[in-house]
Amino acid sequence: EKGGFKHFMLKEIYEQPRALSDTIRGRVLSDQGKIVFEEFGLTRDEMRRIEKIYLVACGTSYHACLIGEYIIENIAQIPVEVDIASEFRYRNIPFEKNSLFVAITQSGETADTLAALRYAKKFGVKTLSICNVLGSTASREADAVFYTHSGPEIGVASTKAFTCQIVALYILSIGLSIAKGVFPKIFIKNLLEELLLLPRMAEETLLLDKKIQLLAKEVYRKPNFLYLGRGVNYPVALEGALKLKEISYIHAEGYAAGEMKHGPIALVEEGFPVVFIASDDLYLEKTISNIEEIKARDGFIITISSSKEEKLKKLSDRFIYVEGINSYLNTVLFSIPLQLLAYHVALLRGCDVDQPRNLAKSVTVE
Ligand code: F6R
């Protein structure tokens with residue numbers, strides 16, 4: 001049942017190229033620069049009218065929402081508000097007109113996410129759920145559903161469901177962008193062509209496994225970790241930290257790299273592990289200066305990046321190069337070494353990676 005893998009989590013990490021490809025298939029007509037609107041259960045006209053988007057979820061799915069915020073605001077230029085479902089459901093939200101509420105949930109059964117969905121519906125807001133489980137409560141109750149086709153996720157720590165959620169949000173943002181006519185056709189066509197590269201690039205990224213395993217051996221005894229990223233990689237840092245803490249029980253925190261100076265840098269002393277996530281984009285220079293500050297305090301710098309910049313490599317104690325596609329899709333690729341790092345560290349610490357203590361796969365009570 002584990003297909004030759006030692007754990008479901010590892011099997012599911014390795015299934016990502018296939019899962020991503022299944023989530024893309026049938027939704028994208030890249031040669032025509034089009035997407036299949038019917039897949040969202042929303043017409044092109046309904047999409048054109050949307051002026052505000054609420055993205056709501058729990059845990060790892062919430063991190064997908066945060067990534068979605070950057071992608072949608074950039075590609076579709078629609079304002080996005082992200083919230084944790086347990087907070088959203090008890091706020092008094094003055095919903096803006098022409099809003100779309102999006103619930104993101106692998107299981108489709110998370111109590112707080114369902115309550116948030118029902119809350120939005122009560123106010124007459126149009127709802128969409130991005131779900132993995134067919135026929136789940138969220139998929140039935142929302143006005144429209146977009147399925148991620150990750151296949152069943154058994155490991156408690158979400159891996160392939162998360163990266164497929166990012167793909168769903170990427171396709172949604174392109175749909176909205178087309179409907180609103182935000183960018184020229186050629187720009188959209190490029191984004192879609194880049195998306196089609198993702199499964200193969202995920203396959204390539206999995207080849208880092210051996211290297212990550214060696215890295216895990218060096219760091220698995222550390223009691224604390226800090227994960228830092230900027231822009232769309234800030235939520236990737238949050239997710240990297242969550243993955244490590246939930247399966248290895250090591251205390252880990254994710255932060256926006258720009259916030260480092262406002263508190264967390266006080267933690268850094270000799271050998272303190274800091275994981276940087278950086279694309280080869282306009283944030284790179286800023287991230288490099290953050291790395292310099294950690295270096296000055298003798299922290300142990302692990303960099304995961306799609307840049308080959310000499311300075312970046314020289315400053316890093318361990319450098320993991322990931323061949324990138326674009327800043328949005330790189331979030332999927334960077335998540336793979338982060339998942340593998342959490343997995344190998346947890347194994348070395350003798351933890352039950354598929355069934356971490358105190359956690360349930362689906363949280364059906366508040
Ligand atoms: C973490 C994890 C949880 C879930 C969260 C939401 O690895 O799996 O944080 O992401 O409980 O679950 P769904 O997506 O089923 O609503």
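1. Tyr-119 is buried, with 11% relative accessibility. Buried means under 20% relative accessible area, exposed means over 50%, and partly exposed lies in between (1.4 Å probe, protein chains only). Phe-88 is also buried, at 1% relative accessibility.

2. A word on the source. This is a predicted model, where local features need pLDDT of at least 70 and side-chain atom pairs count only at pLDDT 80 or more, while totals for chains, interfaces and linings use all residues. Residues are numbered from 1 along each chain as its sequence is written, and side-chain values use heavy atoms, with hydrogens and water left out.

3. The structure holds 13 aromatic pairs. Rings of Phe, Tyr and Trp (its six-membered ring) pair if their centres lie within 6.5 Å; planes under 30 degrees apart count as stacked, over 60 as edge-to-face and the rest as tilted. Phe-88 and Tyr-119 make an edge-to-face pair, 6.0 Å centre to centre with 80 degrees between the planes. Phe-88 sits in helix H5 (residues 85-88) and Tyr-119 in helix H6 (residues 111-122), so this pair ties together parts 31 residues apart in sequence. Helices (H or I, at least four residues) and strands (E, at least two) are DSSP runs, numbered from the N terminus.

4. Phe-183 and Phe-187 form a tilted pair, because their planes stand at 35 degrees; the ring centres are 4.2 Å apart. Phe-183 is partly exposed at 26%. Phe-187 is partly exposed at 32%.

5. Ring pairs also build a cluster. Its members are Tyr-54, Phe-88, Phe-95, Phe-101, Tyr-119 and Phe-123.

6. Next, charges over rings. The test is that NZ of Lys or CZ of Arg is within 6 Å of the ring centre and within 35 degrees of the ring normal. Lys-222 lies over the face of Phe-300, 5.6 Å from the ring centre. Arg-357 has its charged end over the ring of Tyr-249, 3.8 Å from the centre.

7. Now the sheet. Five strands form an open sheet in the order S9-S8-S10-S11-S12, with parallel pairing. Strands S9 (251-256) and S12 (318-321) are at the edges with a single partner strand each, so one side of each has no neighbour in the sheet. Two strands pair if DSSP finds at least two bridges between them. Strands S8 (residues 224-229) and S10 (residues 273-278) run parallel and are joined by 4 bridges. Leu-228 stands opposite Phe-276 in S10.
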